[in-house]
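Hi everyone, thanks for coming. Today I'd like to walk you through one structure, piece by piece. Please have a look at it before I start.

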There are 4 protein chains.
Amino acid sequence: MIIVMEQGATEEQVEQVIGKLDSLGFSVHRSTGVVHTVLGAVGPAELVDPNEFNVMEGVKQCRREMSPYKLSSRGFKPEGTVVRFKRERAGYVEIGGSEVVLMAGPSSVESEHQLTRTAELAARAGARFLRAGAHPSESALNGQRGLDAEGIKMVRRVADLFGLFVVAEISDPSRIPELEEQADLLQVSSANMQNHLLLHALGKCARPVLLKRGIAATVEELLVSADHVLAGGNYNVILCERGIRTFETFSRHTMDIAAIPAVHKLSHLPILADPSRATGRRDMAIPMARAAIAAGADGLLLEVHSDPDHAASEGAQAVRPEQFSELAAQLKLIAPAVGRSM
Amino acid sequence: MIIVMEQGATEEQVEQVIGKLDSLGFSVHRSTGVVHTVLGAVGPAELVDPNEFNVMEGVKQCRREMSPYKLSSRGFKPEGTVVRFKRERAGYVEIGGSEVVLMAGPSSVESEHQLTRTAELAARAGARFLRAGAHPSESALNGQRGLDAEGIKMVRRVADLFGLFVVAEISDPSRIPELEEQADLLQVSSANMQNHLLLHALGKCARPVLLKRGIAATVEELLVSADHVLAGGNYNVILCERGIRTFETFSRHTMDIAAIPAVHKLSHLPILADPSRATGRRDMAIPMARAAIAAGADGLLLEVHSDPDHAASEGAQAVRPEQFSELAAQLKLIAPAVGRSM
Amino acid sequence: MIIVMEQGATEEQVEQVIGKLDSLGFSVHRSTGVVHTVLGAVGPAELVDPNEFNVMEGVKQCRREMSPYKLSSRGFKPEGTVVRFKRERAGYVEIGGSEVVLMAGPSSVESEHQLTRTAELAARAGARFLRAGAHPSESALNGQRGLDAEGIKMVRRVADLFGLFVVAEISDPSRIPELEEQADLLQVSSANMQNHLLLHALGKCARPVLLKRGIAATVEELLVSADHVLAGGNYNVILCERGIRTFETFSRHTMDIAAIPAVHKLSHLPILADPSRATGRRDMAIPMARAAIAAGADGLLLEVHSDPDHAASEGAQAVRPEQFSELAAQLKLIAPAVGRSM
Amino acid sequence: MIIVMEQGATEEQVEQVIGKLDSLGFSVHRSTGVVHTVLGAVGPAELVDPNEFNVMEGVKQCRREMSPYKLSSRGFKPEGTVVRFKRERAGYVEIGGSEVVLMAGPSSVESEHQLTRTAELAARAGARFLRAGAHPSESALNGQRGLDAEGIKMVRRVADLFGLFVVAEISDPSRIPELEEQADLLQVSSANMQNHLLLHALGKCARPVLLKRGIAATVEELLVSADHVLAGGNYNVILCERGIRTFETFSRHTMDIAAIPAVHKLSHLPILADPSRATGRRDMAIPMARAAIAAGADGLLLEVHSDPDHAASEGAQAVRPEQFSELAAQLKLIAPAVGRSM
């Protein structure tokens, strides 16, 4: 931590700050400038709130000089993480490798028939994962976000028909064993990004984790959350950008495309983008899907529906079948520009 | 809902929009202007996403003309809600009445001794409620936010000693029976503001609910969340402003003091402010506490600690004992300016 | 405008609102629902502040139902504006047509030698416009933003050498005649986006205008500003996204890529992106440049420098020569995905 | 500046950073930790963009450890600045002293009659300054913000009738001599907060300056702007909070009341609040005025109108005469809570 004392801070004030640093286990390097005294403190900075010092007399400013994430930082593992998936019917796929990976499906499962139709078109257009959630009203009824036991089995069944992997939302740690069995990738919603209990449980889980950024979270805070999973020993973490809240209201959230190259600079973890949730409208989701891949995203999570005008939920953000095929064709043109294929 | 068609929208496009409105159960009033055709639609607007229309051809803009909250709106109950608390040792207090009410206590319970000292000074300075949470690391261990069964009993015991009411955080609906017994007011954290399952369970609960605004939530969204509790039949809901995320970083969040008069204009529900959580620093929490009362807040939630320099968590935001007495004295001067007492 | 009365609003309150609407020249359509009375008012909405009604007794909410821009709206001119440039040495180019157009150059002019080197490499990599500003300290000295008379002549001279068009910043309306002569496109900085005097003067100007979005402005407000230019009779307006201020601080601003498809949906005007200014760092500007084109931007404004490590200003955001060539090659791959060429 | 190298950064990368620091005139203190190498650099940090280092290979993060303002910092002048005003008819008043000072008047001057009526009631309720701007449409016509020569003379004349000081907006440096003669305090609008040319000219001006915070500016950036005035030798600078842009839209901007105690902590300069401009509605401006004083503001800028329902501009945000008297009475009760009088 770096503590800059106020111009004119008394020697006694400086001593009190040094004393506090000392008692917290920091070693202190003092540099007395013409105007300011600056204290450099090496020690357990991630355990100490800089405001402990900001409220002291004579302190102008205290900041951590290092980002409070470690395991997910690029320096910790310079070569970049590749998350590997293998399953008999679905084959093999890598996220973070040379291929851009699409995950597609309806916002919510309505019926096996509808899911089958959507899964078929997703697979035909090149998607490798089937995504499908519960209807919002069911979510409320079964007491948590995500599909119930029957729902997730149906998604698995349908995915197997078309050789797709399954990504499914998890919110209750007690359901990890069940979802580990049925799904290939467990997704943490943006609302749960800082649910430490869930993150810690997923650190012990056998499946890769897809961690979505909260709408009020910085990129750095997303990496801190990833550290909570990595610390448990599960190194297969994939991040996802899905929009932040700003003053602009034309689309639902402001998709922070710059988070994609920022994560690639700061971290070794792969990052996907979810333009459907970020924008809330299919006419915006499509160009933003292209933008995410052009910015270097390792893949996309996209809502597709065989008949969005009659979808049970979020129809406005679901891409139509023919739009999805067209988008996939566009992405095949863009991928080589970032040294990738699709 | 109001749908404005693009200048030059074709008759066919207008018809398609009208057809969709029709099929969703809206009755439509069409007004053909010189430049724009405007469709006014009366029907189940709260069940329909305006983006369903925004993505249609020829539509310039679709908006709900009415705020999607009802039960918490001022019009629904013009006279203002007063939430009443009664308990043998603590006596009687109203929130939303003529008195400004203070809720104070440490960020986390460290020991019965420390809690007792802090409760005593809070009571002496005029607080009516004792607030106390679990230490962050314990929260993680016991699997959820808030105090465990022992912790909440200890808080009750200490509160009784000094004639204080108890406010306690709830995050798991299954613990409602236990907390109903021990606490007088159940608090929903900002992270859980849109946890519908919890809100619905609290709608059936016998105790008043304190609902904190999420850091990325508008005032209107806070009122929508309140509606979820009110709809269950629990009309004793108190709101709380505790800061939103903006580009300003000097203090932790930007405390939106204007939310206080906004809630009083839009809703009949009382509103408190939590300057400790909003700012993260005691030197900011104190002036913001005064500002909240001057803006008309019905009370405050404040972190106070008998020895903040050695607090187990969040010491920087806890007000010192002597500061708390001084603040209480200042608030006694301010309250009459808004027609209140303390 | 739509005015929703509070539930329980008195007939007298409704009458007062109708009276006020009447006196302002609105014709009013009253709809009395079970719960709310809603007043639809057709009239000079763009001249009236909705808050005039929001502060009246019994009013729940007043909103304009129509966006307050007209001339720049897509409905006004469905086919899309193409801005054409022609000059002997530079040839012909269109913005808003089938080609993606690059504008490149240094942040500030340092010397004719440096400018010549940078212009040469920009031209060779495919740029069609030379952009170059004054050094910040000079800007302060000459009393305004942008190049002085000598500077702009030098940029013209160098641009002519390599067959480039010139884009130059304008902030003082009195300099329009001079810049009209030397430059092909006059740029309004984001800080001046709502400088109405400047916008009105540019409405009478013979050259196309490049209008940059303010860092705290919505897309709708950008279109309102464009209307101020269009209203003067100058229909050659090009918009530019260059980042908004949010809570994320990794790069300078948050580049709102979604503004690009939003403008294409709402307006007939072309839109460029300026990833250098938006991000402040070349390692972010490059992926964001690709993202902007993939999202459908009509071109880019990019800072390039022959030797950014020794640039007089903003070196960190200037792309190196070899990076610029590589980026141009990537953009050539991406352009066909959006039906364009480069 | 503090530069943290990536874990695993090579010695060569570290040397290149040190070399660059060296060439820019920094003296470097290297500290090689177990995980990270950290470089502390003392030198001309305010002249160097940290991104110059952030884009270098092997650099994890570069930050300035000191805020880039000096003259306006509390440490530079611990005792707090008091700005003094003296004029024959108006008497004597201090801003930053023990008294809370009110500045009131209409949004725009409509006629001498209307201004006189408003000034009279403002004076009677305790205001010490008359504020009055030009009508927006006139502003556009006379080529800049603020009153023309006739307008400002009229304001002076009316102010003199009631013993008021005059605050007037300045946007064009060439008008400083004229405004110095007629006005007592020159106001820089939020849109001009970073207009360096204007700030430098005001640094040489004989009158105190009122500097309003930009809607996308941090408190720290406001202090940097103040430094530009102070550096010219004019130490009589007063700051003003008037709202920032956030995702909340109930009132026009989000008034950042916490900026008031933040400025008092970081700086020796006084700070006012402008609740009319911040909120855009009188029903919000009144409680926010009380909040600002309770948070410690040195005074208020408030729009008052003798007949706001017929105001030429911004009537919705102008407080009615009787409301202004009532507010002044409330502020008289609040002031003693912060050790002040009114």
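**A buried strand and its neighbours**

Let's begin in chain B: G299(B), L301(B) and E303(B) point one way from β14(B), L300(B) and L302(B) point the other way, and all are buried. Buried here means under 20% relative accessible area, with exposed being over 50% and partly exposed in between, using a 1.4 Å probe and protein chains only. Before I go on, this is a predicted model, in which local features need pLDDT of at least 70 and side-chain atom pairs count only at pLDDT 80 or more, while totals for chains, interfaces and linings use all residues. Residues are numbered from 1 along each chain as its sequence is written, chains are lettered from A and ligands numbered from 1 in the order in which they are written, and side-chain values use heavy atoms, leaving out hydrogens and water.

Back to our strand. β14(B) covers residues 299-303 and is mostly covered, with five of its five residues buried. Strands are DSSP runs of E with at least two residues, helices are runs of H or I with at least four, and both are numbered from the N terminus.

Which strands pair with β14(B)? One is β7 (residues 101-105) of chain B, joined to β14(B) by five bridges and running parallel to it. Two strands pair if DSSP finds at least two bridges between them. M103(B) has L301(B) as its bridge partner in β14(B). The other is β13 (residues 271-273) of chain B, with two bridges to β14(B), again parallel. There, A273(B) is partnered with L300(B).

**Two sheets in chain A**

Now over to chain A. Eight strands form a closed barrel in the order β7-β8-β9-β10-β11-β12-β13-β14, with parallel pairing. Neighbouring strands of this sheet are turned by 25 degrees against each other on average, direction ignored. Axes are lines fitted to C-alpha atoms, for helices over the stretch in contact, and angles run from 0 to 180 degrees between N-to-C directions.

β2(A) pairs with β3 (residues 37-42) of chain A over six bridges, in the antiparallel sense. In that pairing, V28(A) stands opposite A41(A).

**Where chains B and D meet**

How do α9(B) and α11(D) pack? Helix α9 (residues 259-266) of chain B and helix α11 (residues 282-294) of chain D meet at an angle of about 135 degrees, with axes 9 Å apart. They are therefore oblique to each other; angles under 35 degrees count as roughly parallel, over 145 as roughly antiparallel, 65 to 115 as roughly perpendicular, and the rest as oblique. In α9(B), P261(B), A262(B) and K265(B) meet D283(D), M284(D), P287(D) and M288(D) in α11(D), where contact means heavy atoms within 4.5 Å.

Last stop: R281(D), found in the loop between α10 (275-279) and α11 of chain D. Is R281(D) buried or exposed? At 2% relative accessibility, R281(D) counts as buried. Not counting residues up to four places away in sequence, R281(D) touches several residues, including K265(B), N51(C) and F250(D).
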